[in-house]
Amino acid sequence: MTVYRVRFASIGEPCRNTLRSELVIGSRPPDTPESLSTRQRSRSGCRECRQRKVKCDETFPVCQRCQRRGSLCQPTLRTTQWQVEVPWLADYPMKTISFAAIADTYVDSRLMRYWLEATSQMLSVDSGNNPFSFPILRYVPGSPSLVHFLQSASAAQEAYFYQPQMSVSLVKRGQALSALRQELKTRSSSLSQCFLTLLMLGMSSSWMAKGPTDYGREHLLAAPAVADMILKKRDAKNEELDHLTMGVYVYWDMACSFCLDPVDHPIERDSSLETYVKQARHTFHPITTHSIDLYYLLGQVGRYCRVVVDGGVRDLVFEVYSKECLDEYESIETHSMAKSLTEAFRKHGLLLLYRFCGTPGIGQPSSRRLAQRENYIHQLALEILELILQIKSNSPYVNIQAVPLLSAGAEMTSFDTFQRNQIRQRLKEVYSTNRLVPTLWVVELLEELWGVHDAGMTHITWLELMLNKNWRLRVG
């Protein structure tokens, strides 16, 4: 039996908290009746059951009482096994992590532990291979901005992103922004490290916002230029970090592609990022898995759809090219749930093209072709939902399902009552898994859209409704 110790110490204070984890090398033994009964006696039930003073069965991510009530379940986040990062911790003989090297930076050890145990898990589809957990600490000594951000995100998630309880998070976020500016000015951190903090701050903008209007626009506008500089000056020692940041950027760009006004769309410099994603799909990423090239394509498709919705001229060549790429895309995922999610996103891309642009490569369609297109779109939506529901509700892959759930859900008619309920339920599970408030806004948007469609105004799309509401909803 091997014992690992991980120590957290605040600056100027002796370490008071030492966590001890034990790991038996080899396969994990099956749950015994004793271990199951211990779990059942746990007092970490969901918030709803605690407020009602009833016993919670702690089914994750949505307990059975909340399922029956149809209410949102807000469980106590499950912490991961500390030893899942043992391969990385093995590089440190003392098994000790200290933040003393970060001068003039106060570190709240409790918030840092919360990041490592809970918050970081919403950024990875594989809890056993999560570079956002312990491995991220290797970049901490040289980046005070990153330290502040990790604490900010933990404080926010711990408070369920409830604005009246976000003061600590907002203070830490302000410190992160200030520190990042200083690091960029003095070049005390590498560009790759700064890019990681830049992306995390940008992605978290929608977590911190009071309404669906802030998606990190300033950060997103800066990101392409930084990514371009990094890719043109590849540094072998930062190769792992660069892969992590490029995957984050590509996914975030895809999720924000509908928010970005056409005048802000990135100017094409060269194909350095496109070349990178084609080569990098064989390297696992905790968010994009082995499909970083697909998410890159979906980002381009999303921005193009926004142009069309805003009244821009259609590019029939781009539509045909995108459709061909999506039709021919073959997933290299070996994990069944990763494969299902990738296929759902692929069909999501096709649905976007047909819904917002019409039949790719064809101008004004005939009434017969229009009916065929509507049937095809509805079939795509049903297939997307079926693929998503193949993924277990307690899987980390649930975290990033909001994007295809929105596009598929928007196509469910008044006759698809059962499917609408399935989408409501899965979105509640997504929210219960990561606590991200934008997921609730997706539910709100769909409910309003279904009401509009049921009233006979079926020509209104979810994107048009979102823009009419002056929302800039970063989905996912």
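Start by selecting helix α12, residues 292-309: its 18 residues reach 26 Å from first C-alpha to last, close to the 26 Å expected at 1.5 Å a residue. That expected span is 1.5 Å times one less than the number of residues. Helices here are DSSP runs of H or I with at least four residues, strands are runs of E with at least two, and both are numbered from the N terminus.

The model is predicted: local features need pLDDT of at least 70 and side-chain atom pairs count only at pLDDT 80 or more, while totals for chains, interfaces and linings use all residues. Residues are numbered from 1 along each chain as its sequence is written, and side-chain values use heavy atoms, with hydrogens and water left out.

Colour α12 by burial. Because 16 of its 18 residues are buried, α12 is largely enclosed by the rest of the structure. Buried means under 20% relative accessible area, exposed over 50%, and partly exposed in between, with a 1.4 Å probe and protein chains only. Step just past α12 to Gly 311, which takes a positive phi of about 95°.

Now zoom out to the whole chain. It contains 19 helices and two strands, and 55% of its 476 residues count as buried. The accessible surface is about 21700 Å², with 51% belonging to carbon and sulfur atoms; areas come from the Shrake-Rupley method with a 1.4 Å probe.

Next, select Trp 115, Phe 195 and Trp 462. These have the most contacts inside the largest nonpolar core, which has 123 residues. Such a core is a set of buried Ala, Val, Leu, Ile, Met, Phe, Trp, Tyr and Cys residues joined through side-chain atoms within 4.5 Å. Helix α14 (residues 336-357) gives the largest share of this core, 12 residues.

Stay on Trp 115 and show its surroundings. Beyond four places in sequence, its contacts (heavy atoms within 4.5 Å) include Phe 132, Phe 149, Ala 153, Ser 154 and Met 200.

Then move to Thr 119, in the loop between α5 (109-117) and α6 (144-158). Is Thr 119 buried or exposed? Its relative accessibility is 0%, so Thr 119 counts as buried. Leaving out residues up to four places away, Thr 119 touches Tyr 114, Ala 153, Ser 154 and Gln 157.

Last, select residues 45-73. An unreviewed UniProt entry places the feature "domain: Zn(2)-C6 fungal-type" there; such annotations may be inferred rather than shown by experiment.
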